[in-house]
Amino acid sequence: MPTIGWLFVAIVLGGIIIGSLIQRYRYRNMKLIYTAFGQENYFKVISKLNSGGVKFKVRIPMQGLGARERPIVDNTQYDIYVKKEVAHRAGDALRK
């Protein structure tokens with residue numbers, strides 16, 4: 001039975017490694033341009049990017065933890081990424 005324990009650990013570690021490689025692959029041509037905390041700040045940034053015509057992706061780290069509980073103060077982290085080629089346009093849109 002001790003081999004089942006090691007097999008479980010190997011499967012979990014393999015899953016973590018594969019997940020991190022997939023994440024790195026997804027964002028390889030993207031640049032983090034802003035990290036917003038809270039929905040109000042997030043929507044301000046997103047509206048500026050939309051008005052500038054900049055396409056973006058949003059990643060929410062620690063997304064699954066505490067999703068059912070709504071805190072009084074929203075400190076949700078939103079990482080906003082754009083393609084490296086349009087990072088300068090995104091910067092200009094955020095300065096407006």
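Reply: β1 and β3 pair in the antiparallel sense, and the pairing runs over seven bridges. Strands (E, at least two residues) and helices (H or I, at least four) are DSSP runs, numbered from the N terminus, and two strands pair if DSSP finds at least two bridges between them. This is a predicted model, where local features need pLDDT of at least 70, side-chain atom pairs count only at pLDDT 80 or more, and totals for chains, interfaces and linings use all residues. Residues are numbered from 1 along each chain as its sequence is written, and side-chain values use heavy atoms, with hydrogens and water left out.

Me: Which residue in β3 is the bridge partner of Tyr-34?
Reply: Strands of a sheet pair through backbone hydrogen bonds, either parallel or antiparallel. Here the strand order is β1-β3-β2, in an open sheet with antiparallel pairing. In β3, the bridge partner of Tyr-34 is Ile-80.

Me: Why is one side of β1 and of β2 left without a neighbour in the sheet?
Reply: β1 and β2 (57–59) each have a single partner strand, so one side of each has no neighbour in the sheet. The reason is their place in the sheet: both stand at the edges.

Me: Which residues of α3 are buried?
Reply: Buried means under 20% relative accessible area, exposed over 50% and partly exposed in between (1.4 Å probe, protein chains only). On the other side of α3, His-88 and Arg-95 are exposed. The buried residues of α3 are Ala-87, Ala-90, Gly-91 and Ala-93.
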